Amino acid sequence: LPILVNSLKSTSSPEVARALCDTMVNATYDNPDAQAALAQAKGFQVLLMILNRFTEESTVVESACHALGNLLMDSRSNQIAALAAAAAATFTFCFA
């Protein structure tokens with residue numbers, strides 16, 4: 001999963017971004033170990049970045065939101081990490 005996160009960070013292609021997000025969705029569905037690995041690899045931050053980068057690409061947004069939903073499903077620690085990532089992203093956006 002860290003390889004997916006790094007690839008997602010660097011892509012400017014909506015098609016590649018969607019494919020990578022879809023892969024994350026499939027890997028993390030009902031899989032707490034994969035969810036934890038993606039969270040550990042800064043998956044929240046990168047998915048939020050993708051939502052910001054591809055705001056006009058509805059299929060990318062849908063897939064990224066689905067991946068975020070999988071990460072938040074069963075893990076309290078992932079929910080806390082997601083809130084921290086969202087707060088950091090908001091702070092950066094507001095004060096950049």
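Predicted model: local features only at pLDDT ≥ 70, side-chain atom pairs only at ≥ 80, totals over all residues.
Local features need pLDDT of at least 70, side-chain atom pairs count only at pLDDT 80 or more, and totals for chains, interfaces and linings use all residues. Residues are numbered from 1 along each chain as its sequence is written, and side-chain values use heavy atoms, with hydrogens and water left out.

**Overall fold**

The protein has six helices and zero strands. Its elements run α-α-α-α-α-α from the N terminus. Helices (H or I, at least four residues) and strands (E, at least two) are DSSP runs, numbered from the N terminus.

The protein has 96 residues, and 35% of them count as buried. Buried means under 20% relative accessible area, exposed means over 50%, and partly exposed lies in between (1.4 Å probe, protein chains only). The protein exposes about 5,800 Å². Carbon and sulfur atoms supply 59% of that area. Accessible areas come from the Shrake-Rupley method with a 1.4 Å probe; for residues, only the protein chains shown count as cover.

Contact means heavy atoms within 4.5 Å. Among contacts between residues at least 6 apart in sequence, 66% join residues at least 24 apart.

**Helix α1**

Helix α1 spans residues 2-10, and its buried residues are L4, V5 and L8. They cover an arc of only 100° around the axis, so they sit on the same side of α1. The arc is that of the directions from the helix axis to the C-beta atoms. An α-helix has 3.6 residues a turn, so residues three or four places apart point the same way. I3 and S10 are exposed on the other side of α1. The cover over the buried residues of α1 includes α2, α3 (32-40) and α4 (43-53).

The structure holds one salt bridge, meaning a side-chain nitrogen of Lys or Arg within 4 Å of a carboxyl oxygen of Asp or Glu. R18 pairs with D22, and their closest N and O atoms are 3.5 Å apart. Both belong to helix α2 (residues 14-28). They are four residues apart there, which means a separation of about one helical turn.

**N70 and T28**

N70 lies in helix α5 (residues 58-72), while T28 is in helix α2. Their side chains are joined by a polar contact of 3.2 Å. A polar contact is a pair of N or O atoms within 3.5 Å; within protein, one must be able to donate a hydrogen and the other to accept it, and residues adjacent in sequence count only if both atoms are side-chain atoms.

Neighbours within four places in sequence are left aside in what follows. N70 is in contact with V25, T28, Y29 and Q35. T28 is in contact with A34, Q35, L38, N70 and L71.

**Cysteines**

There are zero disulfides in the structure, a disulfide being a pair of cysteine sulfur atoms within 2.5 Å. C21 is in no disulfide, and its nearest cysteine sulfur, that of C65, is 9.2 Å away. C65 is likewise in no disulfide.

**Accessibility of the residues discussed**

| Residue | Relative accessible area | Class |
|---|---|---|
| R18 | 35% | partly exposed |
| C21 | 0% | buried |
| D22 | 29% | partly exposed |
| T28 | 0% | buried |
| C65 | 40% | partly exposed |
| N70 | 7% | buried |
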